[in-house]
Amino acid sequence: MLKKLIRNLRKPRNAAEPKGQQLPYAEHGLSLDLFSRNAISVTTRLQEAGYQAFLVGGCVRDALLGERPKDFDVATSATPEQVRGVFRNSRIIGRRFRLAHVLFGRETIEVATFRSNHTTHDAASGRAAQDSSGRILRDNVYGTLEEDALRRDFTVNALYYDPSDRTLHDFAGGISDLHKRTLRLIGDPETRYLEDPVRMLRAIRFAAKLNFDLPAETAQPIKRLAGMLADIPAARLYEEALKVFLNGSAEDSFDLMQQYGLFAPLFPFSAKELEQDPDYCATLVRLALRSTDTRLAEGKTVTPAFLFAALLWPALLPLMAQYQAEGLAPVPAIQKAAHKLLPMQLQHVAIPRRFTVPMQEIWALQERLPYRYGRRAETVLANPRFRAAYDFLLLREDAGEDTGNLGQWWTEYQFAPEPDRRRMVSELSGPVRKSRRPRKRKSRSSSRGGKTQ
Ligand code: ATP
Ligand code: MG
């Protein structure tokens, strides 16, 4: 009670009363239980210190949809330094977009100062804030609450919730769009995509994840503008790729990416092969994404290494075939193919080394799994990446590749007692391995006739 009184007394006098629509609790019924206590305490303490502060973005959107949000963003009138002054457990991050992180054990609450979308020039420096195509170069001008709302991407992402008085602030018609389950950009869609092409990827991600409709005005410019993603820094596209493929709706996201031409700018080498051999390549990628979705739904862990190994497998195949045709044995050929492909691919999506190393191990093991004579099977089984490599082999088979029943053999072998394992190895007859691609592409697959032993 007293706290509330202090808060009201301290409400910044010069803070303009927010415009837009304001919904009291009775109209939205949003339960505070869905929000992290830490996030609520951050907004409360900022308000007590005299600043405006709201929960904002994905957490408000997801809570209104009845989902428990996974992370929490706070928007405030306090500058990062002022936030730092309120919370000892905070630090300032980012050079261009300075944000404060308030740390509570394993949970981090991201606190951003209200910003405005200065589209013509940067007020502070007087320099152009956009490039010739309309892309926003600087986005670090502080603004009011309303300006902060209007610089956000989708209307449903521009809802602000004040947990102290339980009012929901809607400046862009987000509530109505949320009820209609539709994804609408704030302002002119083409302009907003040109300002930041990543919004196109965000559009398909939210459509897939939230099961929202992509209305014509949101969807229609994407095919035409998709190529602009090629200019986005690879590190940012890596972050976005992870969000697209690890959000539990990877398969649907992939379908939308393909439909709108958003896959090719991120994975150009795979995209080419997917077009040429959709039966095998697209099936393999979709099955990998489906199993990722299933694992996440079951609360299991997924590794980006496996995911990217599958997404890039189509691009690896022609290179492997080429090196084998030039006379390299399968294992060196696949290693050389990876060394060729990865530096080219990393220019588009900067997959970190901690994942590219296991990816290469998973790939190389694909060519070791067929060689089982002597102690080789035991050595492969003892490899720390065996499980991932075995799952990958099953994926290839599920996508229609004929491996001569290799998956079945390894399924039995890994669970068999020692004497049976010896027998299984001694019974190997070593038939010529079937081609990787049973169909069409004779030139590539005919070079893949290594011994299965
Ligand atoms: P989720 O975290 O579930 O993926 P989110 O909407 O919270 O979804 P974030 O990337 O965490 O997405 O961004 C938080 C908020 O910041 C968004 O809801 C949106 O309001 C704003 N935002 C993020 N990226 C952009 C962008 N590229 N352009 C404009 N606004 C953005
Ligand atoms: Mg978020």
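How do the residues of the lining of the second largest pocket divide into nonpolar, polar and charged? They come out as 12 nonpolar, four polar and five charged, where Ala, Val, Leu, Ile, Met, Phe, Trp, Tyr, Cys and Pro count as nonpolar, Asp, Glu, Lys and Arg as charged, and the others, Gly among them, as polar. The model is a predicted one, in which local features need pLDDT of at least 70, side-chain atom pairs count only at pLDDT 80 or more, and totals for chains, interfaces and linings use all residues. Residues are numbered from 1 along each chain as its sequence is written, and side-chain values use heavy atoms, with hydrogens and water left out.

A pocket here is an open set of points on a 1 Å grid over the protein atoms alone, where a 1.4 Å probe fits, with protein on both sides within 12 Å along at least five of seven lines; lining residues have an atom within 4 Å of a point. The second largest pocket holds about 520 Å³ of space, the volume being what is filled by probe spheres set on the points. Of its 21 lining residues, S291, R295, F306, A388 and D391 lie nearest the centre. Helix α20 supplies the largest share of the lining, six residues; helices are DSSP runs (H or I, at least four residues), as are strands (E, at least two).

Now for the packing. The largest nonpolar core has 81 residues, and F245, L262, W313 and W363 have the most contacts inside it. Such a core is a set of buried Ala, Val, Leu, Ile, Met, Phe, Trp, Tyr and Cys residues joined through side-chain atoms within 4.5 Å, with buried meaning under 20% relative accessible area, exposed over 50%, and partly exposed in between (1.4 Å probe, protein chains only). Helix α16 (residues 304-325) gives the most to this core, 15 residues. Because domain 1 (2-187) and domain 2 (267-426) both contribute residues, the core lies between them; the domain bounds come from an automatic or database assignment. A second, separate core of 27 residues includes A39, A63, F72 and I109.

D293 sits in helix α15 and counts as buried, at 13% relative accessibility. D293 and G248 are 45 residues apart in sequence, yet their C-alpha atoms are 4.6 Å apart in space.

Most residues other than glycine have a negative phi. R166, in the loop between β7 and β8, has a positive phi near 60 degrees.

Key
Chains are lettered from A and ligands numbered from 1 in the order in which they are written.
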